[in-house]
Amino acid sequence: MPAEYADGHEPAAHHRASEAGRRRTQPDSEEPTLPVAAVARRLGVAPATLRTWDRRYGLGPSGHTGGKHRRYSPGDIARLEAMQRALLSGASTAEAARYALEAGDAARPPHEPGESAEPAARAPAGAGKQEQAAADDARARERRSRHARRLSAATLAMDPRAVRRLVEDAVAADGPLSTFDEVIAPVLAAITQGWGRQRPGIESEHVLTECALGALVRATPRVERPSNHHPVLLVAMRDDRRNLALYALAAGLALRGVDALVFNATLPSDALVAAARRCAPSAIVLWAYHASAAEPVLARRLSRSKQRGRVFVWGSGWDVSALPASVEPLGSVTEAADRISYVLAGVVTPG
C-alpha cells in the first residue's frame with residue numbers, strides 16, 4: 001500500500017483526480033470492451049489492483065453492459081497502460097495516475113533527453129478502422145524498434161539499471177511475447193554476432209540475459225484458474241543456457257490463462273520421462289538453441305508415451321527431419337504461444 005494511504009484516508013487531490021476520471025465521455029458503443037478479469041490478465045496485475053485504481057484515482061471502466069457489469073473501453077485500457085509505464089519508470093502511484101489521466105488516450109511516457117516528442121501516428125481524417133489499425137501497428141513497431149535501439153546501447157554500456165528499466169518498459173507497453181520477438185531477440189542476435197567476430201560482447205549478453213530474465217519472471221502472473229488442468233512443461237535441453245525464450249513463453253501463456261512450468265536445469269532423460277508420467281502435462285516443449293543440445297531420442301520417447309500431452313520442439317538446434325510426425329516444431333515466441341493456446345483450448349488470438 002502506498003505511504004499516502006497508510007492512515008486509510010485519501011488526499012483531496014486524489015478525490016479530484018477520481019472525479020476527473022469519472023467525467024470521461026462514454027466510449028463509442030461499437031468499440032470492443034473487456035471485463036475487469038481480461039484487462040487484469042492483459043496488464044499482468046490482480047483484478048483487485050484495478051478496482052483500487054478505479055476507486056482511488058478514477059481510472060476505471062467507463063462503459064456498462066445491460067446489467068451492472070462495467071467494461072473497459074480501448075481508451076480506458078490505454079490510460080491503464082500509461083499508468084503502468086509511468087510506475088515502471090519510477091513514478092509514485094499518485095503521480096502515475098495523474099499522468100495517465102492528463103495524457104488521455106494518447107498517453108505515453110515523457111520523452112527522454114534528445115528524443116523528439118513527435119505526435120503519435122494517426123490515420124488521415126475520415127479513414128476507416130482498417131486504416132487506423134494499420135497506423136496503430138506502424139506506431140507500435142516504431143516503439144518496439146526504439147526500445148531495441150536503446151536496449152542495445154544500454155547493454156553494450158554494461159548498464160544493468162538501464163537494461164532492466166528498458167525491458168520492463170517494453171513489457172509494460174507491448175507484453176512479454178512481442179517484447180521478446182521484436183526487442184530482446186534482435187539485440188541478443190546482434191550482440192552474439194559481434195562477439196563472434198572477435199568483438200567484445202559475451203559479457204554484454206550475460207547482462208542482458210540476467211536483467212531480462214528478472215523482468216520476464218516479474219511479468220508472469222499467477223494463474224488462479226488455468227484453462228489447462230495439467231501444466232505445460234517448458235524444458236531446456238542439456239544445460240542450454242540460451243533459454244530466455246522459455247521465460248518469455250511462460251509469461252505470455254500465463255497472461256492467456258495457461259499454466260506452465262519451466263525446467264531450466266537439465267534433467268536426465270529418464271527423470272524427465274518419469275516427470276511426464278507423474279504430472280501428465282498438457283503439452284511438453286523441448287528447447288534447444290544448439291544442435292549439440294537437441295535430443296531426438298528423448299523427443300521420440302515422449303511422443304510415444306501413453307500420456308495425451310502434445311510434444312513440441314523449439315529452437316534452432318532441432319533437425320525436424322529426424323523427428324516423428326507427431327512432434328511439432330514451433331516458431332517465434334508469439335507463434336509458439338498462439339499454437340499452444342490453440343491446441344490446448346482452441347483459442348485463436350487475433351492479430
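**A walk through the helices and loops**

Buried here means under 20% relative accessible area, exposed means over 50%, and partly exposed is in between, with a 1.4 Å probe and protein chains only. Helices (H or I, at least four residues) and strands (E, at least two) are DSSP runs, numbered from the N terminus. The model is predicted, so local features need pLDDT of at least 70 and side-chain atom pairs count only at pLDDT 80 or more, while totals for chains, interfaces and linings use all residues. Residues are numbered from 1 along each chain as its sequence is written, and side-chain values use heavy atoms, with hydrogens and water left out.

Now for the whole protein. There are 12 helices and 7 strands in it. Of its 351 residues, 42% are buried. Contact means heavy atoms within 4.5 Å. Among contacts between residues at least 6 apart in sequence, 69% join residues at least 24 apart.

Back to helix 9, which runs over residues 244-255. From its first C-alpha to its last, this helix of 12 residues reaches 17 Å, close to the 16 Å expected at 1.5 Å a residue; the expected span is 1.5 Å times one less than the number of residues. Since 12 of the 12 residues of helix 9 are buried, the helix is largely enclosed by the rest of the structure. Just after helix 9, you will find Gly257 with a positive phi of about 85°.

How do helix 8 and helix 9 pack? Helix 8 (residues 202-218) meets helix 9 at an angle of about 15°, with the axes 9 Å apart. Axes are lines fitted to C-alpha atoms, for helices over the stretch in contact, and angles run from 0 to 180 degrees between N-to-C directions. Helix 8 and helix 9 are therefore roughly parallel to each other; angles under 35 degrees count as roughly parallel, over 145 as roughly antiparallel, 65 to 115 as roughly perpendicular and the rest as oblique. On the helix 8 side, the contact is made by Thr209, Ala212, Leu213, Leu216 and Val217, and on the helix 9 side by Leu244, Tyr247, Ala248 and Ala251. Sorted by class, this contact has 8 nonpolar residues, 1 polar residue and no charged ones. Ala, Val, Leu, Ile, Met, Phe, Trp, Tyr, Cys and Pro count as nonpolar, Asp, Glu, Lys and Arg as charged, and the others, Gly among them, as polar.

Next, look at helix 2 (residues 36-43) and helix 3 (residues 47-57), which pack at an angle of about 105° with their axes 8 Å apart. That angle makes helix 2 roughly perpendicular to helix 3. Helix 2 brings Val36, Val39, Ala40 and Leu43 to the contact, and helix 3 brings Pro47, Leu50 and Arg51. These residues divide into 6 nonpolar, no polar and 1 charged.

Leu43, found in helix 2, counts as buried at 9% relative accessibility. Leaving aside its neighbours within four places in sequence, Leu43 is in contact with Leu50, Leu80, Glu81 and Gln84.

Most residues other than glycine have a negative phi. Met158, in the loop between helix 6 (129-156) and helix 7 (160-196), has a positive phi near 55°. Met158 is partly exposed, with a relative accessible area of 39%. Ala280, in the loop between helix 10 (269-279) and strand 5 (283-287), has a positive phi near 45°. Ala280 is partly exposed too, with a relative accessible area of 21%.

Our last stop is Trp318, in the loop between strand 6 (310-314) and strand 7 (328-330). Is Trp318 buried or exposed? Trp318 is buried, with a relative accessible area of 9%. Leaving aside neighbours within four places in sequence, the residues in contact with Trp318 include Met237, Leu286, Trp287, Pro296 and Leu323. Trp318 and His290 are 28 residues apart in sequence and 7.8 Å apart in space, C-alpha to C-alpha.
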